[in-house]
Amino acid sequence: MWTFLIRRLLQSIIVLIGVTLISFISLQMGGDPTYLFVSENASVEEIQRAREALGFDRPLPVQYLSYVWNALHGDFGNSLSYRQPAMGVVLEAMPATIELTFFSLVLAIGLSIPLGIFAALNRGRPVDGGIMTLAMLGQSIPNFWMGIMMILYFGLYLGWFPISGHVPFLEPLFAGEFSTAFRNLPQSMYYMVLPALAVGTYTLARNARLIRSSMLEVLGQDYVRTARSKGISETRVVMHHAMRNAWLPVVTMIGLEFGFLLGGVVVVETVFSYPGIGRLVFNAINQRDIPVVQASVILLAGIFILLNLIVDLIYARLDPRVKL
Amino acid sequence: MTDLHTNVVETEAVPVPPVSYRRREMRRAFQSLVTSRWALLGMLILLVVTFVAIFGPAVAPFDPNRQNIMMRLLEPGSPGVGDLTYWLGSDQLGRDVLSRLLYGARVSLLVGVAAIAVGGTLGTVAGLVSGYFGGWIDDVIMRLGDIQLAFPFILLAIMFLVVLGPGLVNIILVLGIGQWITYARIVRAQTLSLREKEYVEAARAMGDSTFSILFRTILPNIVAPLTVIASFNVAGVILSEAALSFLGLGVPPSVPTWGSMLSESRDHLLSNKWWMAVFPGLAIVFTVLAFNIIGDWLRDFLDPRLKENG
């Protein structure tokens with residue numbers, strides 16, 4: 001177990017170094033990066049001063065090492081539009097994004113499991129065909145368009161859900177104001193229903209298909225037939241015998257999907273004017289606020305790597321055959 | 001956007017078959033296609049989109065960039081100047097939504113196919129080299145891939161496009177480079193098993209060059225799984241392009257794209273100008289759906305063992 005943990009940790013560190021390298025290279029790709037940090041009207045002297053201040057006049061390897069060192073300390077420079085440390089700005093927006101990503105994951109997984117099982121148990125019937133057709137469609141819809149359609153129908157036409165805004169849950173929770181946090185929770189979820197569904201549609205559709213095919217495979221196995229022949233109720237066979245093994249590919253997918261959801265959140269947040277990292281990145285793109293874009297991307301990639309590590313550990317725990 | 005790295009399908013490779021066999025397989029493919037309602041539907045949608053992408057400018061009723069402030073935000077079916085009708089309505093600058101939609105098909109397909117060509121070529125070469133030579137080359141290539149996969153893809157694309165600036169070539173390169181590892185992994189796995197086959201041994205014994213063994217002996221045997229991945233990938237790339245255009249990182253504003261049309265529609269949602277959002281979105285959905293359906297069909301056809309249960 002410890003060898004596996006250390007090996008995976010080392011791998012994650014290598015990947016993180018790679019992430020900083022890619023991020024550094026991306027900065028250099030457009031030529032002299034100084035121009036990304038100064039205003040368009042800056043004079044030659046101002047540009048030179050900025051170049052020296054930002055260290056872009058030094059050799060590339062030195063620049064990279066200094067970039068990594070600063071990144072390790074969370075220093076991505078000052079935001080060009082907020083005039084304060086970029087990472088601070090990103091971290092302020094982080095709780096809202098985490099709330100939305102987790103909520104969409106919970107919704108997607110929570111809905112895909114019964115749908116996938118139901119389709120598998122009704123294999124070949126119209127209800128199976130219907131669920132699978134919807135799933136195929138769900139995998140073809142851009143999440144931001146889904147968001148727009150939900151705003152039009154559920155928000156504006158039916159008026160069931162709010163189309164923008166956010167009630168914080170994690171923020172008061174982190175601040176130790178537990179009563180406020182839990183008082184906010186129902187409202188927080190209510191405001192997140194539409195964006196979370198928009199973000200999670202693809203994951204929901206994909207997992208429903210995956211769970212269905214995984215269940216069908218498991219239901220055809222000898223040990224399931226044995227369980228049935230022993231007279232165990234169908235519910236117990238499905239929930240106890242089949243589900244345990246059908247879970248494995250799903251857990252792997254959850255790890256992969258989380259990163260995908262994080263990427264999706266970036267786009268969907270802008271549709272719902274949701275005050276998370278996505279909207280921050282969108283505004284930063286429009287204002288060419290490079291430090292904020294870099295800090296956001298690195299932070300999200302870091303979270304993604306950490307989650308993948310956790311998923312690997314859960315996977316190893318669920319399936320003892322996975323060598324630790 | 002779709003997860004671009006997980007629709008991975010591996011089929012066992014066999015030596016390049018003789019021509020008569022290939023002809024028989026083509027016939028089998030055609031029969032399978034016409035008997036599968038879904039695959040036929042996918043192919044039909046794709047044919048329509050391709051037709052529109054090629055001949056769109058000829059059939060578009062308006063110049064897609066022609067602004068007419070008097071005709072702004074017209075509902076679908078509104079009459080225009082003379083005999084012309086705004087069948088799908090007009091946008092905030094009075095441009096015809098239908099004409100922009102027809103032009104947009106060109107960009108979506110072009111970006112989709114070109115990005116796959118870039119990513120597929122890079123990945124195939126990397127995978128062949130990695131699988132055939134093994135050792136440190138293999139390690140370096142695969143670890144590079146691991147690093148890339150550690151990024152949610154859209155974030156990587158955002159990071160590069162913010163610095164490089166929007167543009168057709170930039171978006172094709174970024175989306176293409178984003179795909180290479182998917183191909184590299186499949187090609188590597190196939191090459192690893194193929195390099196031990198007798199006919200590859202034979203080619204080696206006959207004194208064929210490494211280049212010839214890689215590209216003439218091994219590559220033709222791994223084309224089948226690559227076409228499946230490519231089909232799913234085009235769908236993913238079209239979704240990514242739409243998302244990036246939506247964020248303002250796609251092609252320049254003068255070129256109409258489905259993603260940028262959706263981006264422009266955002267400011268008019270509250271005034272219920274639904275047609276600006278509905279039609280470009282449907283165009284994306286149907287195109288992506290067609291590629292996904294064909295990908296599914298190709299996967300089942302090329303290796304029935306992989307057919308999803310049911």
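D128(A) is buried, at a relative accessible area of 4%, where buried means under 20%, exposed over 50% and partly exposed anything in between, with a 1.4 Å probe and protein chains only. Its side chain meets that of R212(A) in a salt bridge, 2.8 Å from N to O; the term asks for a side-chain nitrogen of Lys or Arg within 4 Å of a carboxyl oxygen of Asp or Glu. R212(A) sits in helix 8 of chain A and D128(A) in helix 5 of chain A, so the pair ties together parts 84 residues apart in sequence. Helices here are DSSP runs of H or I, at least four residues, numbered from the N terminus. R212(A) counts as buried too, with 5% relative accessibility.

A word on the model: it is predicted, so local features need pLDDT of at least 70 and side-chain atom pairs count only at pLDDT 80 or more, while totals for chains, interfaces and linings use all residues. Residues are numbered from 1 along each chain as its sequence is written, chains are lettered from A in the order in which they are written, and side-chain values use heavy atoms, leaving out hydrogens and water.

Now for the place where the chains meet. Contact, meaning heavy atoms within 4.5 Å, takes in 57 residues from chain A and 48 from chain B. The two chains bury about 4700 Å² between them, 75% of it on carbon and sulfur atoms; that is the accessible area (1.4 Å probe) lost on being put together, summed over both parts.

Between chain A and chain B the count is one salt bridge. It joins D296(B) to R209(A), with the closest N and O atoms 2.7 Å apart. D296(B) counts as buried at 10% relative accessibility, and so does R209(A) at 12%. Both belong to a network of salt bridges that also links R299(B) and D300(B).

Over all chains, the structure holds eleven salt bridges. One of chain B's pairs is D91(B) with R95(B), 2.9 Å from N to O. D91(B) is buried at 4% relative accessible area, and R95(B) is buried at 5%.

Last stop: helix 5 of chain B. Eleven of its twelve residues are buried, so this helix is mostly covered; among the buried ones are F153(B), M159(B) and F160(B). After the helix comes G165(B), with a positive phi near 90°.

Key
Helix = DSSP H or I, 4+ residues; strand = E, 2+ residues; numbered from the N terminus.
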